[in-house]
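Trainee: I would like to go through this model and ask what stands behind each term. Please set every value against its definition.

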Amino acid sequence: MRKLTTSGFICLEDDYRLVYKIAKIEYEEWEDGTFNYIFRPFYNVIDMLPDNLFQGIPGLDLSLKKSVYERKNIIPTFISERTPSEHREDLWVLMEESGMQALNRLEWLIRTNKRYSGDKFFVLPFDGNDTVRYEKQSMYDLVKRSDNIHRKLLEIICFGDYLYTSDIVIDDISRPHYYQILMQIYMHEYDKKKAYKRIGIGKAKDRNAYKGRTKIKIDPLLFDRMANDYLQGKLSADQASSKLKISRSTFFRRLRERK
């Protein structure tokens, strides 16, 4: 019997626009109409998060520390709160907006730009890798295209990826410690920039300081082509971002803006 499978990453974004990869979610559907939702939490990220940022995944008891949570022939709370049911009056309008011919609630959640107002969760498409392992000779090799080393490290930490250089190692043991230290530094930098902007001295020439990161210019036609190839599974996120000459996190951020 043939099976349809859709996969994505449950993520959340904090007030500093850092993206946290919380869990992998999969939807399986068979020809006879039976289906199954599978959740695979990333405790290496979940366990380091403060309570004011993360209070759990709706409908799952994460205190059980299961590696897999399944909902067979049941629409889980996470999906039902965020997606249209098959009986919704404007269902076909919503599906047409997302380029869908048949209702797949997880696929709709991945494609839509609509957000549930109750929390900051969203779903990214699965790119073929649960995690990315960065192996660099030095920190310079990692951040030479980034103007903020603290943010670059935090992006790796929050997305559950790994970093191995001669200067620093980020793995599941060191992740929460580096997160606490780097977040304090980054929050201080971020709040200082906001304060400068608020009192009208945000420009470098006004205070002889760095004026902030400018938005990377990307060919919109090339980005649309890479984004479509990624969403259709023809390219991984790493391949698409490499072709665009941007970081993986920038690719995901522009992808959300494009929606």
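Mentor: Start with strand E1 (residues 3-13) and E2, which pair in the antiparallel sense over 11 bridges. The model is predicted: local features need pLDDT of at least 70, side-chain atom pairs count only at pLDDT 80 or more, and totals for chains, interfaces and linings use all residues. Residues are numbered from 1 along each chain as its sequence is written, and side-chain values use heavy atoms, with hydrogens and water left out.

Trainee: What makes E1 and E2 a pair?

Mentor: Two strands pair if DSSP finds at least two bridges between them. E1 and E2 have 11 bridges, so they pair. Within this pairing, Ser7 stands opposite Glu26 in E2. The two strands form a hairpin with 5 residues between them, and Arg17 in the turn has a positive phi of about 65°.

Trainee: What is counted as a strand or a helix here?

Mentor: Both are DSSP runs numbered from the N terminus: helices are H or I with at least four residues, and strands are E with at least two. On that basis the protein comes to 11 helices and 8 strands.

Trainee: Why is strand E2 called mostly covered?

Mentor: Buried means under 20% relative accessible area, exposed means over 50%, and partly exposed is in between (1.4 Å probe, protein chains only). In E2 (residues 19-30), 10 of the 12 residues are buried. For the protein of 259 residues, 45% count as buried.

Trainee: Which other strand forms a hairpin with E2, and over how many bridges do they pair?

Mentor: Strand E3 (residues 35-41) pairs with E2 in the antiparallel sense over 7 bridges. Phe35 in E3 is the bridge partner of Glu29. This hairpin has 4 residues between its strands, and Gly33 in the turn has a positive phi of about 95°.

Trainee: What is the order of the strands in the open sheet?

Mentor: The open sheet has 5 strands in the order E4-E3-E2-E1-E5, with antiparallel pairing. Strand E4 (69-72) and strand E5 (121-125) are the edge strands, as each pairs on one side only. The twist averages 25° from one strand to the next. E1 and E5 pair in the antiparallel sense over 5 bridges, with Cys11 opposite Phe122 in E5.

Trainee: How do you know how helix H9 runs relative to helix H10?

Mentor: The axes of H9 (residues 220-231) and H10 (residues 237-244) come within 9 Å and cross at roughly 170°. Angles under 35 degrees count as roughly parallel, over 145 as roughly antiparallel, 65 to 115 as roughly perpendicular and the rest as oblique. H9 is therefore roughly antiparallel to H10. Axes are lines fitted to C-alpha atoms, for helices over the stretch in contact, and angles run from 0 to 180 degrees between N-to-C directions.

Trainee: Which residues make the contact of H9 with H10?

Mentor: Leu222, Phe223, Met226 and Tyr230 of H9 meet Ala237, Ala240, Lys243 and Leu244 of H10, where contact means heavy atoms within 4.5 Å.
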